[in-house]
Amino acid sequence: MNTARLDAKQGGGWLGAYVLAYLVFLYLPILLIPLFSFNNSIQAAFPLQGFTLEWYGTLYGNSALSGALATSLVIGAIAATGATLCGITVSYMDLYGRSPLAATISAIARLPILIPGVIVGISLLILVNLAGFGPSRIAIVLGHVLVALPTTVVVMRSRFAAIPKTIREAALDLGASDWTTFRRVMLPLSLPAIISAFMLAFLTSFDEFIVAFFLAGTEPTLPLYIWSQLRFPKSLPTVMALGTAILAVSFVIAALAEILRHRGLAAAQRSAPASLSKPEETERGELQWHST
């Protein structure tokens, strides 16, 4: 027993060391960006030359930066809206449609997350050229909807799955149609997850680079603007200041989205009627609740 406990402690120690090394390798380079954004030097090197806010001041009054930011905000809002609406529809039909077609569409909607971004970008570039509108803002929106769709499907599917099926069945038993049940019961219960899916889809679109690189026309997005500025060494501190601001905003949005998602899941667990006893299995293999 003592040997087993000792081996378990040693294994846990090695696992903790591995996780710590992984976190350092993953996040230390990111933490260097805010550090050097306050450095009073155009070179990102040690030792630091001093503290300054000059590089953040250069962000204001930059017309090219303002245009790229506006483009990313508009594209992100439109793409997140489209991806969220599609994610709601696909995930709901996957759970409650009970058809092979719905399951197939749900699997296809989550497929882009497994495809390399370069392949997606090239494929979409060929498609928009064949469609006749070529690289443009519309093309980026369509590409970002495709990229953000897996996130919204995963979030909304988990939310719909967490809602007790008895709630939907009770609405149908009371005479509500499928559309009424979806609109007046399922959507209100899923509102926190809908907001969370929208915010995560917006972040995905706002930070996406590869697809935008292939589909951008004369209006570059913010990641494309940052990439173009990396060619000029004097612009590096400004880019790091901009990157720090984007990291801070992205962290806040992602944290809010996760908080909303967890609150929605907790609300779903509390929404089950307290007077329901253990479920019994029907002849079709479904669980049916009986009141006590």
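**Cores and salt bridges in a predicted model**

Start at Leu 242, which touches Leu 59, Leu 65, Leu 222, Tyr 225 and Ile 226, leaving aside residues up to four places away in sequence; contact means heavy atoms within 4.5 Å. This is a predicted model, where local features need pLDDT of at least 70 and side-chain atom pairs count only at pLDDT 80 or more, while totals for chains, interfaces and linings use all residues. Residues are numbered from 1 along each chain as its sequence is written, and side-chain values use heavy atoms, with hydrogens and water left out.

Now the cores. A nonpolar core is a set of buried Ala, Val, Leu, Ile, Met, Phe, Trp, Tyr and Cys residues joined through side-chain atoms within 4.5 Å. Buried is under 20% relative accessible area, exposed is over 50%, and partly exposed is in between (1.4 Å probe, protein chains only). The largest nonpolar core has 32 residues, and Leu 215, Leu 222, Tyr 225, Ile 226 and Leu 242 touch the most other members.

Next, salt bridges: a side-chain nitrogen of Lys or Arg within 4 Å of a carboxyl oxygen of Asp or Glu. How many does the structure hold? There are 3 salt bridges. One joins Arg 157 to Asp 94, at 2.7 Å from N to O. Arg 157 is partly exposed at 28% relative accessible area, whereas Asp 94 is buried at 14%.

Glu 219 pairs with Arg 137, their closest N and O atoms 2.9 Å apart. Glu 219 is partly exposed at 36% relative accessibility, and Arg 137 is partly exposed at 29%. Asp 178 and Arg 168 form a salt bridge at 3.8 Å, N to O, and Arg 168 is buried at 15% relative accessibility.
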